[in-house]
Amino acid sequence: MREDWQMNPNGKSPIRVMRIIARMNVGGPAVQVSGLMRSFNGTEFDHRLYTGFCAIDEADYLDSVATDVKANRIEGLGRRVSLSGDIRAFLSLVKAIHVFKPHIIHTHTAKAGFLGRIASLVSLQKSVRVHTFHGHLLNGYFGAFKRTLIVITEKFLAFITQQLLAVGDKVRQDLLEAGIGTKEKFGLMPPGLAIGTLPSKNDALTFFGLNNERLQCAFIGRVTQIKRPDRFLDVVSEIKKRQINLDFFIAGNGELLEACRERIIAEDLPVKVLGWQSNIEKVLSAADIVVLTSDNEGTPLSLIQAGMAGLPVVSTNVGSVPEVVLDNATGLITSLDVQEIADALEKLATDKALRERLGLAAQEFTLGHFGVQRLVHDHEELYKKLLASRAKS
């Protein structure tokens, strides 16, 4: 093996890692990638981020939160699918690969996974290809025909990829059952993150203009169809009917936010719309409970963050939620039924001791299993292992 394909600690060239993600919109993948970019060992690794631009209706995590993270912007590598834009992004990636000559090309999210891995193949570089599934598009996004096309495409991409990773075991099992990848190629890479010091609760409530005499339940995340904000508002309506001492707020943005505003006003629901907030610690400090009503999830970081802040959660039983929330131990997991979600919220809202017990257990569990240093260490060790295997082959 050539010397420049070996890692540093003994004076050799650093491992060159090219990390590709379609866009760094506010959400789980952006948080994960930012944590990796900040914390990798700069002596052993030359680690570079390549990403596109967010849409007008999306908040860019690099501009609003991770302002310290440097990125190489690729035109056309955003959310929007267009032939001309995708070709431009593809050619830019091929050129970047030729210039950087990465040992590892690690792609995140579906579009970047497709363009990045095909660009790697076409470039004829000896890069090891790695792809992380932060979730999948198999359920709740497309009809049967498009789903079949996605599965066929992902099967091919898995074939040309040396290492596949999933953020949760349920995500991995769903993909394997669809025939995407093999057990030998598929690893598990749970999320890792950190939150800062929480401000005082009174300060947070005052800042957001929330009622400090009522409990506050937070909906945190993108206000999009897969997150089912309509179901969330159905739950709020039911809680209102039951006259439970519980108010709600939405901390997030998305294409369905305005429709939510209209319904909140029309039905006089006890929900305050905060919009997207860059200071997650302030949001968590204002909350007493966090709720998630999604139809599909990967491994939701909002629930990990809630746990780290010592908050109990109520969540639908989707994706890898049970790997983040231990039912009746750190939170309550429900079906998709509105009444069942409302029952769980009522249970927490009316039992302070239960909220405190679940919150403390959630904090201990999430801090122990989902820290950012663990995520960084696992990635560094994986890359070294993959290159060592390549050297032997």
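**Salt bridges, aromatic pairs and a surface patch**

Good morning. I begin with arginine 228, which forms a salt bridge with aspartate 295, the closest N and O atoms being 3.1 Å apart; the term denotes a side-chain nitrogen of Lys or Arg within 4 Å of a carboxyl oxygen of Asp or Glu. This is a predicted model, in which local features need pLDDT of at least 70 and side-chain atom pairs pLDDT 80 or more, while totals for chains, interfaces and linings use all residues. Residues are numbered from 1 along each chain as its sequence is written, and side-chain values use heavy atoms, with hydrogens and water left out.

The bridge links distant parts of the chain: arginine 228 is in the loop between E8 and H8, and aspartate 295, 67 residues away, is in the loop between E11 and H11. Helices (H or I, at least four residues) and strands (E, at least two) are DSSP runs numbered from the N terminus. Arginine 228 is buried at 18% relative accessible area, whereas aspartate 295 is partly exposed at 29%. Here buried means under 20%, exposed over 50%, and partly exposed in between, with a 1.4 Å probe and protein chains only. The two residues belong to a salt-bridge network that links Arg228, Asp230, Arg231 and Asp295.

Threonine 293 is found in the loop between strand E11 (289-292) and helix H11 (301-308), and is buried, with 1% relative accessibility.

How many salt bridges does a search of the whole structure find? The search finds 25. One of them joins glutamate 44 to lysine 384, with the closest N and O atoms 2.9 Å apart. Glutamate 44 lies in the loop between H1 and E2 and lysine 384 in helix H15, so this pair ties together parts that are 340 residues apart in sequence. Both glutamate 44 and lysine 384 are buried.

A local case is the bridge between arginine 172 and aspartate 169, at 2.7 Å from N to O. Both residues lie in helix H6 (residues 169-177), three residues apart, about one turn of the helix. Arginine 172 is buried at 18%, and aspartate 169 is partly exposed at 27%.

I turn to the aromatic residues. Rings of Phe, Tyr and Trp (its six-membered ring) pair if their centres lie within 6.5 Å; planes under 30 degrees apart count as stacked, over 60 as edge-to-face and the rest as tilted. By this rule there are eight aromatic pairs. Among them, phenylalanine 40 and tyrosine 383 form a tilted pair, 5.9 Å centre to centre with 45° between the planes. Phenylalanine 40 lies in the loop between helix H1 (28-39) and strand E2 (45-51) and tyrosine 383 in helix H15 (residues 372-392), so the pair ties together parts 343 residues apart in sequence. Phenylalanine 40 is buried at 9% relative accessible area, and tyrosine 383 is buried at 0%. Together with Phe45, these residues form one aromatic cluster.

Finally, the surface. Which residues form a nonpolar patch there? Leu83, Ile87 and Leu91 do, with about 320 Å² of accessible area together. Patches are made of residues with over 30% relative accessible area and no salt bridge, like charges being joined within 9 Å and nonpolar side chains (Val, Leu, Ile, Met, Phe, Trp, Tyr) within 5 Å. Leucine 91 lies in helix H3 (residues 83-100) and is exposed at 53%.

Thank you.

Definitions and conventions
Areas by Shrake-Rupley, 256 points an atom, 1.4 Å probe, with all protein chains shown as cover.
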